[in-house]
Amino acid sequence: MNFYPEFEVVRSDSRCIRCRVCERQCANEVHWYDADGKVMLSDESKCVNCQRCVTLCPTRALKIVKSDCRLRENANYSDQTIKEIYRQAETGGVLLSSMGNPNPLPVYWDRILINASQVTNPPIDPLREPMETRVSLGKKPDHITRNPDGSIDTKLPPQLTLSMPVMFSAMSYGSISYNAHASLARAASALGIYYNTGEGGLHEDFYQYGKNTIVQVASGRFGVHKDYLEAGAAIEIKMGQGAKPGIGGHLPGTKAVGDVSKTRMIPEGSDAISPAPHHDIYSIEDLRQLVYSLKEATEYRLPVIVKVAAVHNIAAIASGIARSGADIIAIDGFRGGTGAAPTRIRDNVGIPIELALAAVDKRLRDEGIRNNVSIICGGSVRSAADVVKAIALGADACYIATAACLAMGCHLCRSCHTGKCNWGIATQRPDLVKRLNPDIGSQRLINLMDAWRHEIKELMGGMGINSIEALRGNRLMLRGVGLTEKELQILGISHAGE
Amino acid sequence: MIPLEGQVRIPSGCAVSAMISRDGRRMNGERIIESMVPMHDRSNGLGGGFAAYGIYPEYRDFYALHIFFSSRSAQSACMTLLKEYFEIVQDEHIKVRKMPQITDEPIIRRVFVSPMQSVLRHLQIDEKELVVRVVNRINAQSDGSYVFSCGKNMGAFKAVGFPEDVGRYYRLEEYDAYCWTAHGRYPTNTPGWWGGAHPFCMLDYSIVHNGEISSYDANRRFIEMYGYKCTLQTDTEVITYIADYLLRRQGLTLDEMAAVIAAPFWSTIEGKSGADREKYTYLRTVFPSLLVTGPFSIILGFDGGLMALNDRLKLRSMVVGEQDDMVYIASEEAAIRVMAPEIKNIWSPAGGEPVIVRVKEGAF
Amino acid sequence: MKRYIIIGNGVAAAGCIEGIRSVDAEGSITVISAENHPVYCRPLISYYLEQKTDLKRMQYRADSFYADHHVNLVCGRSAAEIRAEEKEIVLDNGDSFSYDALCCCTGSSPFVPPMTGLDTVENKFSFMTIDDTLALEQVITPDSRVLIIGAGLIGLKCAEGLHGRVKSITVCDLAPRVLSSILDDKCAAMMQKHLEANGISFLLGTSAKEFSGNHAVMQNGAEVDFDVLVLAVGVRANTALVKNAGGAGGRGIAVSDACETSLPDIYAAGDCTEYHDISSDTVKVMALMPNAYMQGHTAGVNMAGGSAVFDNAIPMNSIGFFGLHCHTAGSQPEGCEMYEEADEQHIKRLFIKDDRLTGFMLIGQMHRTGIYTALIRSQTPLSSVDFARLKIEPQLAAMGRAYRDKVLKGAV
Amino acid sequence: MKRIYVREEWCLGCHLCEYNCAFANSGMTDMVKALRGKTIYPRIQVETDENGVTYAVSCRHCKDPVCVKSCIAGAISQKDGVIEINHDKCVGCLTCVLVCPYGAVVEDGSGVAQKCELCMKNACGAPACVKGCPNGAIVYEERGERE
């Protein structure tokens, strides 16, 4: 069935200089030059609204607008819903989507407000006073022990030390490009934070950034070998992902080319299918065995992170993980991104990270085991304010991926699964990969993190807090607006005005 | 209805003052009361109090519980509870001087107790832990009984009122102590509840504090994992518990405790050498949630000494004076000048640097 | 302190001055200039007629050039004799100058073949110097009919310069085509067609046999009436000074790659010399402005004790008429192959021999032709580049990765 | 001296540099007005090699510039390493085009020669190709001189 295109290319002929940049830059082949008529023409049915042409058009002659040719209005059956039905009726297939859940579900970050000092205690000016954002992730000992001479035995379980409480979340080499990985690795290294390999192994060129790398072990075990495990600063066991809890991953064979297949240790062109569960983990005891296997393999030098999707009984799951020997729990909320996920899963499974985080932090404190693990919060952390709210709710640090992709140029067109990312991020096509110059990509990531760090400091200073640890779990610094009693109770915060 | 301490978090400004004899000489409460007079404006009449060390030498082996009761029935219920765990050695009124400035008095009792060995054996805990648990239980029940002092050979005296009035009300000139601390309160919202006045005590630790800590909920939620219950929602309370946790339960020294709650900046730690750097790194890494931020000056009294500490940015005033065996500490120099008019050696300690004063071994 | 003398004040002389000064800031430099003008480049005179430039802008260097380079400029004099043994020169007025190093930049003079009745023509001009040009300009009127003898570079540029300022222009040449020294028949035909389209008339394969007043009779019998006659048959190198002093040479003064003549401490540069054309491996007079400068500069450096060679000379010409440009370079040796592209407006002819590009003729398509020129000069084996692409379009892309990296990633 | 260098590994072949160059040297303040409906004559050229690799070529500002030596009008000069054309003196003979080994001197559409002058003479102030390159494929930096 033919639809009127979702987007329209609006080209101002009076501004167009026929430089043909749009044509050259569109991997979807929307634009073309008609030499006879000396005009640029477009095939809008191919447009995904990635804004590449709009961004590069030197005379701002282009804009992409949402088509107003809609089906008859229906509050129940939206245009989108109807078209999805048509598409499925045509293909018999599962719908695929990319990036995070775009639906208008509650974003609790936006319903939480941050405190500031007035009169009774002073706000602190981060430009004048030291303001610390460094955090250590890992298990903290319950009791100090002393050496025979009375000094403290300063040996600690392995820790990850971050200059600021933000890290780049897992995105595999394969789902994103070599240059995207290079950008992340270089930025993490320059910033003193960490990036995460995702389930695609670690390209040999990036072993040099190992000190700032978290290597992931997921259900497909792609790219996992001894050197890989030892290359990073921490190992993450991926049990689930916020965008697609309960299912595995699927890298199409078209992306498993060249170095991608080599790094994953799979034949070139073969689909890389990660199973839904780890087939050696059917229970919490099994997880404990994998945690300790990995620790044994790396001589207990590296902290082990267990990453789970935020699902209904996340607090209990986290409690189990905290007792499994894991050093860090990463919780990924339902708005987290993905390179490809079945639409129905992405849009309907999992719970918001804010509630999951609050519930987990509370449960671990109630059980007196909060010190056993650090908590990383991920799944749509969009700004420094979100970071501050997450830390105040109880997170030790945040994972960001969508925001990192945006910094590298992503325009959230949500077409990663097509492999034709015009921004050189979610693609393996060499001509497209080239569009992301890691010099620029890494610098933009560094800029973003610098900006966030400044903002975090400003917000902390306003609260009269001069070190991030005094913010962690400091829920008194938060107030809810427009939330129900139940929501407030789960978040563990008061309503504004209270 | 305006909520009480414990029902809502109440920030407050304050005045603090302390004097201690390193020789262990015992002094009556006259001078410490006088020291609060020039700092009258730092209080607003909604709370004042004192802690005194070495005042019950004849009962030094027993825990001196100072308790407010709202009624006879509360008193009787509480005593029944106490008797389950303790031998009651002495149960008496704390003598007061009736005065118009101090009103709405509760029943104020002093009870010397000794833990029952059978109970300790049964619960497999030491006697300090038993005292802590029982006191916490009484205070958490909030049914009209409130234990506001429970150490040995020391005691806190507090009430709603200006501190100099509170001191005279409790007839502190009749007590002799080698160490006195005092507190005047400026709460921003409270009808004034006697239990909410300072010092706040746990065993022999007493805290007087001036400030409003911004890390409060981070500190509270951490410390509550270890059996403490911050019922009053005051800074002083949580700092007292932190002190108890770090000093008694983790066995840290006073210096180490200072390095946790007013931790040196990472940049400072990195500038230190070898063992020191490792120690400070370790303490910050292990106890991040016990870092106290925001303005504070606190005086922690304990059996045999005291420690004064400012927040690491020194956002609150605190001065120290020294003369012969005496050390004086106060929010304002004027207070020290009242206690020791001829004093020469007065300084302002740097933020985060603890001033620790100990009485000569065996002198108390 | 060394004494340098330069005979002549053209572009070669300017190159020589700059060459000397790049090595020796101290030595005295004397320049003997027959013309009363500061250095200018002779090809500009047609642009002057065309009013694309003026006397001021025609100056090759700034007003302060001689002062800046501490040059003693002797104007309006020519050298009469070089006394190589004594290392001195004598001027036409008898003055003499001693030198430690001498450079002869005497250029060339118009060559006028014997033609009957030429003395009866009142308005006849050469077209070599500013003075020629100013004199010519004096006599032309919008009604003038101009006859130009010679359809070479000079004659045709003169025609272009006069175009629009006179009534008619006829150009004749003994050769059967225009620009016969640089173009082959096909290319010449295209240029001729373009010139004709712009109103220039040609009488080719014939020349004036005799004149009587303003009437010329051609060898083929044709008759032409004219008001102004321009003689642009050709030029001859001014070799006499050096040859008289015992220097070797044929049509030009023989010089080495270092621009030395056969006489000690005497150098020569510019249109007066003959030298090695690497594209044809022959020695010839190549009266070209770029080469003149480079020779002068080379001579100057060597005179001052430096070390320089100009060892990649080739003939080359950039010339255009009425918007149609033509680039030629190198030569078409015996047995060369030719690559050709041609349409109505363009011709591209590349000449290839022994795996080398030896020359080209390009009309109407000038874009980046220097890349071809460089290929000839560097004698790059074509098997080492992607000539299949290169012949279609001059581009560094076809020159190989190493060359590109060298040129684009570092300073050259 | 600072020169323009290309980092061809990042060149996208978008040709924006050519348009930015043409605009910067148009003397106009609006790109549409400057370039719409016109053939552009940029001073920088994007090339594509046999593997599809693209890169932009502009004047190298050589140490031994043959264009300067070849100009019949004395219109090309080198000052502080920067080679520039005095357009007032240029008569459009295009000898410089004939001799530049990099094809970096080009005709400007009106018959005279032009070449990259590092945007030192236009309102841009810094090379427009560098500023406008979306991927950092053209840089303006110091890389030392030829020996």
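Questions on chains, domains and helix packing follow.

Reply: This is a predicted model, in which local features need pLDDT of at least 70, side-chain atom pairs count only at pLDDT 80 or more, and totals for chains, interfaces and linings use all residues. Residues are numbered from 1 along each chain as its sequence is written, while chains are lettered from A and ligands numbered from 1 in the order in which they are written.

Me: Of the three pairs of chains in contact, which share the most contacts?

Reply: Two residues are in contact if their C-beta atoms, placed from the backbone, lie within 7 Å. Here 38 residues of chain D are in contact with 41 residues of chain C. Of the three pairs in contact, the most contacts are shared by chains C and D.

Me: Which element gives the largest share of the side of chain D that touches chain C?

Reply: Helices (H or I, at least four residues) and strands (E, at least two) are DSSP runs, numbered from the N terminus. On the side of chain D that touches chain C, the elements that give two or more residues are β1 (2-6), β2 (45-48), β3 (54-57), α3 (66-70), α4 (95-99) and β6 (106-107) of chain D. The largest share is four residues, and it comes from α4(D).

Me: How many charged residues are on the side of chain D that touches chain C?

Reply: Ala, Val, Leu, Ile, Met, Phe, Trp, Tyr, Cys and Pro count as nonpolar, Asp, Glu, Lys and Arg as charged, and the others, Gly among them, as polar. That side of chain D has 18 nonpolar and seven polar residues. Its charged residues number 13.

Me: How many polar residues are on the side of chain A that touches chain B?

Reply: The contact joins 36 residues of chain A to 30 residues of chain B. By class, the side of chain A has 13 nonpolar and nine charged residues. The polar count is 14.

Me: How far apart are the closest C-alpha atoms of chain B and chain D?

Reply: Chain B does not touch chain C, and their nearest C-alpha atoms are 42 Å apart. No contact joins chain B and chain D either. Their closest C-alpha atoms are separated by 36 Å.

Me: What is the radius of gyration of chain B?

Reply: Chain B has 11 helices and 18 strands. Its C-alpha trace spans about 60 × 50 × 50 Å along the principal axes. The radius of gyration is taken over C-alpha atoms, and the globule rule is 2.2 Å times the number of residues to the power 0.38. For 364 residues a compact globule would be near 21 Å, which agrees with the value for chain B, 19 Å.

Me: Why are α6(B) and α7(B) called oblique to each other?

Reply: Axes are lines fitted to C-alpha atoms, for helices over the stretch in contact, and angles run from 0 to 180 degrees between N-to-C directions. Angles under 35 degrees count as roughly parallel, over 145 as roughly antiparallel, 65 to 115 as roughly perpendicular and the rest as oblique. The axes of α6 (residues 216-223) and α7 (residues 235-249) of chain B come within 10 Å and cross at roughly 45°. The pair is therefore oblique.

Me: Which residues of α7(B) make the contact with α6(B)?

Reply: The α6(B) side consists of Y216(B), N219(B), R220(B) and I223(B). The contact as a whole has six nonpolar, one polar and two charged residues. The α7(B) side is D235(B), V238(B), Y241(B), I242(B) and Y245(B).

Me: Is the crossing of α1(C) and α9(C) left-handed or right-handed?

Reply: Helix α1 (residues 11-21) and helix α9 (residues 289-303) of chain C pack at about 35°, with axes 6 Å apart. Their contact has 14 nonpolar, seven polar and one charged residues. A crossing is left-handed if the near helix is turned anticlockwise from the far one by less than a right angle, and right-handed if clockwise. This crossing is right-handed.

Me: How far apart are the C-alpha centres of domain 2 and domain 3 of chain C?

Reply: Domain bounds come from an automatic or database domain assignment. In chain C, domain 2 is 111-235 and domain 3 is 323-409. Eight residues of domain 2 are in contact with seven of domain 3. The centres of these two domains of chain C are separated by 33 Å.
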